Amino acid sequence: MSTLFARVFRQAWATFEHTAASDAKFATNLHALHRLVGQLTLADIGLEPSLVATETFQQPSKAPCTYVGVFENDRFAMSVFVLRENYTMPLHDHPQMHGLLRVVSGAVQICSYSEVARRDTVEPKDGTLRRHVLVVAEPEKIISSTAGDCAVLTPTERNFHEITAIGGPAAFFDILSPPYNLSSQPQYFFYRKVPVPRHLAEMEPLGFGGPNIRPAQEDERPRYVLETIPNPEHYYCDTVHYSTPEFMYHPEMGSSTTPSSDVNV
């Protein structure tokens, strides 16, 4: 465990515990956190290289993804995901979240989308919510452990994405705020991508509407409709226990601070 990771944790605490997104200090704190997270390595977090070894994923019973819950409270969560080579974490959303993603081993390709508008309907037979989200595609991004960079998502930008390990297994560390499991947090969904018909892509699509829509003539990014789907059967994770470092139990953090429980996504 490194002093850098302790600094990341304390900066995340300062960013998400003591400042709201509307606070003038939030942007400054988030920028400082971004800079620190961009330096992290697998060793800094205290994880073994064997976690990302090709041989590990050659075991017959091995899941295509490994999840390590690092920390979670009611303000933010830290975790590590390890993906098998060429495996794609399915397209999913991060509703109303800020997030940072840092590759700590290998490399990933991230395909991200930003919401323009949405339409929710309820199936009359079983009450299932069906969501269609009009999105614009952001430029694809490849992030590696040597790039010193990390991906950023916000409540309105790049908060739909799918992630693929390229050139071998890959591990990424992420910080999400607020975490998924809050009772007040909107449910997350998995999606499939549906091309928008040309005659709709060039105008305001029927049935959507909304204040965030910009005419296609003003935005050359490709548009798609994302349609909710059931949790993909191919997406499941093994979990690895994380030994919580002492600095995560600092007295000033209060009684609400606990290590993360094992959850997926």
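**Strand pairing and a buried residue**

Tutor: Ala-117 stands opposite Leu-134 in strand 5. This is a predicted model, in which local features need pLDDT of at least 70, side-chain atom pairs count only at pLDDT 80 or more, and totals for chains, interfaces and linings use all residues. Residues are numbered from 1 along each chain as its sequence is written, and side-chain values use heavy atoms, with hydrogens and water left out.

Student: How many bridges join strand 4 to strand 5?
Tutor: Nine bridges join strand 4 to strand 5 (residues 129-137), and the two run antiparallel. Strands here are DSSP runs of E with at least two residues, numbered from the N terminus, and two strands pair if DSSP finds at least two bridges between them.

Student: What about the hairpin of these strands; which residue takes a positive phi?
Tutor: Gly-127 does, with phi near 75°, and the hairpin has six residues between the strands.

Student: Where does Leu-101 find its bridge partner?
Tutor: Its partner is Asp-174 in strand 8. Strand 4 (residues 98-122) and strand 8 (residues 160-177) run antiparallel and are joined by 14 bridges.

Student: New topic: is Ala-171 buried or exposed?
Tutor: Ala-171, found in strand 8, is buried because its relative accessible area is 0%; buried means under 20%, exposed over 50%, and partly exposed in between, with a 1.4 Å probe and protein chains only.

Student: Which residues does Ala-171 touch?
Tutor: Not counting residues up to four places away in sequence, Ala-171 has contacts (heavy atoms within 4.5 Å) that include Leu-42, Val-52 and Val-103.

Note on methods:
Helix = DSSP H or I, 4+ residues; strand = E, 2+ residues; numbered from the N terminus.
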